[in-house]
Amino acid sequence: MPRGKTAKAKNNETLEQKLWKAADKLRKNIDAAEYKHIVLGLIFLKYISDAFEQLHEKLEAGEGEYEGADPEDPDEYKAENVFFVPVEARWSALQAQAKQPDIGQKVDEAMEAIEGDNPKLLKGILPKVYGQQKLDPTALGGLIDMIGSVNLVQSAEDSDGQSETEEPSSEPRQADLLGQVYEYFLGQFALAEGKKGGQFYTPESVVRVLVEMLQPFEGRVFDPCCGSGGMFVQSEKFVSHHQGRLDDISVYGQESNETTYKLCRMNLAIRGIDGSNIRWNSEGSFLKDAHKDLKADFVIANPPFNDSDWGGDLLRKDGRWQYGVPPKGNANFGWVQHFLYHLAPTGAAGFVLSNGSLSSNTGGEGEIRKALVEADLVDCIVMLPTQLFYNTGIPACLWFLSRYKNGNKNRNRKGEVLFIDASELGYMVNRRNRAFDDEDVQTIADTYHQWKLKDSDYEDIKGFCKSAELADIEKHNFVLTPGRYVGIPDEVDDGVPFEEKMGALTAELAVQMKEAEELDKEIKVQLAKVGFEL
């Protein structure tokens, strides 16, 4: 689906908004943190059931390549990368029982049955929370009816019957649309949960900038703190939008929160992305690296900001700290060096950190940052605007590291760092949150690409971007805050001579000073009337 567009329901609301409003009405006394598993699990179930039914109809018809096929043979579905759904777990069977008091138990049993028939990809992944007492069976039945009532294929088209898809796609429209609904719900739940929501969701704006700048056309994509898998989903979208082959990228991830890990696996499954290399353990990436030998072509991540409880006291002599031992009380530069440890010799990394990482000298962070710059690993720094994140007000930035800055098709940028100040870009989605539009994303990404490409027309833009040499960075004591390098933008020339502007401002100031003098006199008069004198 083209960026900036979304499927429209008949009442001019987007399909996602329509579904969210209906689902939220049925939430009642369940908090968002729990409710997301209930709703997202049902969306996943609807997706795999729809995909199954599509293939089931073809197998049942038995025409062409499907002649003689058994529509109840699980191997037929495995051959087409479709999950086999047993009879009792199919959406039609569940919706027929939606008004029954034991519908919650039936859904839990359906989830168990699906896992049992697809153990390699789904074992232990699906939620079984529908039979709990606090979940009202009537509300659950309403939720099933609501999700089941939407004709997803029809809803993917405009009212004039023309599909919004501008180029042919090998992916089913349902998968694309359901993935879009799933993604929208993840964002809405993150917004509803506030600070906790950031543990599983990175705003799409931020992910898109990272992916558009790194351009992961092929190779291994790694996120060692992968949340619900947004980095992988956006990488897949990038490849699709640029007519690439999805088989050319493979994803690797790790997540320490088990429920978030399950959200990720479902999110990837809806997109048809192989999630078998996504791992979970409670210790996390620092203490129990699940991909010790992986050397990735791309690392894309949003690690927890300024994490103090990361096990740093247990890792003082870890082999990953090639550029300095990170402070025990802050994991920022532990993450940076973990990313570097997993980068292939020609790999690149893009990730989010708090702005403090650009200038802090606490616990030796300044020395680590200096070592990274002197090793010529820092490729680009992007300053982000405030209010992009649902979970924190801490100002953030994007770091880009590269092990191959002289490239082959790219311009030799050894000894240089690109600074971009994007703090004035974006628009307010609501009173609390900001987002980038398509133009903002492209402005940032195109600036980076122009800087890297041979024979490009890249130029520094005062107040926005600056290509700085390492000697310039050394003069600033290796502080990487973009504002120090890009400067303040020039005022737009309005054609009014400076002398004329100054004269007008001076006259205006004289009038204001006279008014202030008269006001002072009036205040003294009024105070004298009530017995006060100044």
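These notebook entries record what I looked up on cysteines and on one helix pair.

**Basis.** I worked from a predicted model, in which local features need pLDDT of at least 70, side-chain atom pairs count only at pLDDT 80 or more, and totals for chains, interfaces and linings use all residues. Residues are numbered from 1 along each chain as its sequence is written, and side-chain values use heavy atoms, with hydrogens and water left out.

**Cysteines.** I looked for disulfides (pairs of cysteine sulfur atoms within 2.5 Å) and found 0 in the structure. Cysteine 264 is in no disulfide, and its nearest cysteine sulfur, in cysteine 226, lies 4.1 Å away. I then checked cysteine 380, whose sulfur is 9.5 Å from the closest cysteine sulfur, that of cysteine 465, which is too far for a bond.

Are these residues buried or exposed? Buried means under 20% relative accessible area, exposed over 50%, and partly exposed in between, with a 1.4 Å probe and protein chains only. Cysteine 264 is buried, at a relative accessible area of 0%; cysteine 380 is buried, with a value of 0%.

**Helices H2 and H5.** I took helices as DSSP runs (H or I, at least four residues), numbered from the N terminus. The axes of H2 (residues 32-61) and H5 (residues 103-117) come within 12 Å and cross at roughly 55°. Axes here are lines fitted to C-alpha atoms over the stretch in contact, with angles from 0 to 180 degrees between N-to-C directions. In contact (heavy atoms within 4.5 Å) are Gly41, Leu42, Leu45 and Ile48 of H2 with Val107, Met111 and Ile114 of H5.

Definitions and conventions. Helices (H or I, at least four residues) and strands (E, at least two) are DSSP runs, numbered from the N terminus.
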